[in-house]
Amino acid sequence: MKKTVTAAIALSFGLMASAASAQTVKVGIAAEAYPPFASQDASGAWVGWEVEMIGAICTAAELTCEIVPVAWDGIIPALTAGQIDAIMASMSITEERMKTIDFSDKYYNTPTVVVGTKGMEMDATPEGLTGKIIGVQVSTVHQAYVEQYFASVAAEVKTYQTQDEANQDLVAGRIDAIQADSIALDAFLATAEGSVCCEVKGTVADDPAILGLGVGVGLRKGEDALKAAFNKGIAGVLADGTYDKVTAGYFASSIYGN
């Protein structure tokens with residue numbers, strides 16, 4: 001079921017509808033592992049739900065796409081500088097990001113949760129996290145949310161370059177809780193370490209202004225033709241069953257959201 005994609009090797013999908021669509025579209029993904037959405041297998045190939053979805057959406061959009069890993073905290077600058085043409089890296093559509101870049105329609109939307117040490121009393125509220133040490137990945141909507149709602153009551157907010165680093169500090173007992181996307185943390189809790197140490201403490205109160213309106217393809221402003229192509233691709237995989245088929249290989253239910 002799961003396909004593999006080697007970084008920086010073109011993924012050719014379908015016949016090109018025009019000279020514009022024949023141009024290779026460089027799709028940036030985060031260089032840091034973010035299972036089950038994107039990570040490298042033992043051979044170095046990129047695998048995961050989002051990797052497969054890139055292939056499926058590009059096929060439906062009649063685009064030739066090339067996956068290019070980029071450090072997460074530099075992925076928007078890479079887009080605006082023209083080093084990549086699109087971002088498909090679980091990037092939430094937010095008002096703040098839309099000041100700099102544009103987005104396609106959403107292609108998934110999942111809740112945000114707090115995971116903490118088993119046996120430690122807390123929930124996903126300012127009251128529940130008072131006095132706790134909270135870990136969060138830098139340059140994410142989750143960092144912005146934690147700083148807005150929890151930083152003033154937390155003992156400390158620790159930031160990490162990758163979600164895995166935050167997860168490992170939680171396992172080691174150096175922090176009390178982490179906040180991230182529910183599906184990504186489900187994958188962590190399914191590991192041997194995660195299942196022993198930790199549990200979901202709750203879903204945070206939604207704030208669309210910070211957490212966004214779902215995940216979309218990040219694009220440079222003014223790239224209307226490319227945006228239309230990606231929207232066509234997203235609509236296509238939803239309509240023909242491809243979206244559900246790929247999703248069933250990773251998740252028990254749809255992650256498209258409301």
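**Entry 1. Aromatic cluster**

I began with the aromatic rings and found that ring pairs join Tyr34, Phe37, Trp49, Tyr107, Tyr108, Tyr243, Tyr250, Phe251 and Tyr256 into a cluster. I note at the outset that the model is predicted. The count of aromatic pairs came to 13.

I then examined Phe37 and Tyr108. Their ring centres are 4.9 Å apart and their planes stand at 10°, so I recorded the pair as stacked, the planes being under 30 degrees apart. This pair links distant parts of the chain: Phe37 belongs to the loop between E2 and strand E3 (39-40), Tyr108 to strand E7, and 71 residues separate them. I looked up the burial of both residues and found Phe37 and Tyr108 buried.

Next I took Trp49 with Tyr108. Here the ring centres are 5.4 Å apart and the planes lie at 90°, so the pair is edge-to-face. Trp49 sits in helix H2 and Tyr108 in strand E7, 59 residues apart, and this pair too links distant parts of the chain. Trp49 is buried, as is Tyr108.

**Entry 2. Surroundings of Trp49**

I listed what Trp49 touches, leaving aside neighbours within four places in sequence. Its contacts are Pro36, Phe37, Tyr107, Tyr108, Tyr243, Val246, Thr247, Tyr250, Phe251 and Ile255.

**Entry 3. Largest nonpolar core**

Which residues of the largest nonpolar core touch the most other members? I found Phe37, Trp49, Leu63, Tyr107 and Phe230, in a core of 37 residues. H2 gives the largest share of the core, eight residues.

**Entry 4. Strand E2 and its partners**

I turned to E2 and found five of its six residues buried, so I recorded the strand as mostly covered, with buried taken as under 20% relative accessible area. E2 pairs with E5 in the parallel sense over six bridges. Within that pairing, Lys26 has Glu66 of E5 as its bridge partner. E2 also pairs in the parallel sense with strand E6 (residues 86-87), over two bridges. There the bridge partner of Val27 is Ala86 in E6.

**Entry 5. Disulfides**

How many disulfides are there? I counted two.

The disulfide between Cys58 and Cys65 has an S to S distance of 2.0 Å. The torsion about its S-S bond is about -90°, so I classed this disulfide of Cys58 and Cys65 as left-handed. I checked the accessibility of both ends: Cys58 is buried, at a relative accessible area of 0%, and Cys65 is buried, at 1%.

The disulfide between Cys197 and Cys198 has an S to S distance of 1.9 Å. The S-S torsion of Cys197 and Cys198 is about -90°, so this disulfide is left-handed. Cys197 has 15% relative accessibility and counts as buried because the limit is under 20%. Cys198, at 3% relative accessibility, also counts as buried.

**Entry 6. Helix H6**

I looked up the buried residues of helix H6 (residues 163-171) and found Gln163, Ala166, Asn167, Asp169 and Leu170. They span an arc of only 165° around the axis, so they lie on the same side of H6. I then asked what covers these buried residues. The elements include strand E8 (112-117), strand E9 (133-137), strand E10 (156-160), strand E11 (177-181), H7 and strand E12 (198-203). Following H6, I noted Gly173, which has a positive phi near 80°.

**Entry 7. Helix H5**

Last, I examined helix H5 (residues 141-149). Its buried residues are Val141, His142, Gln143, Tyr145 and Val146. I found that the buried residues of H5 pack against helix H4 (95-98), E8, E9, E10, E11 and helix H9 (208-211).

Key:
Residues numbered from 1 in each chain as written. Predicted model: local features only at pLDDT ≥ 70, side-chain atom pairs only at ≥ 80, totals over all residues. Heavy atoms only, no water. Disulfide = S-S within 2.5 Å. Buried < 20%, exposed > 50% of the residue type's maximum accessible area, 1.4 Å probe, protein only. Core = buried A, V, L, I, M, F, W, Y, C linked by side-chain atoms within 4.5 Å. Helix = DSSP H or I, 4+ residues; strand = E, 2+ residues; numbered from the N terminus. Contact = heavy atoms within 4.5 Å. Pairing = 2+ DSSP bridges. Arc of directions from axis to C-beta. Phe/Tyr/Trp six-rings, centres within 6.5 Å; stacked < 30°, edge-to-face > 60°.
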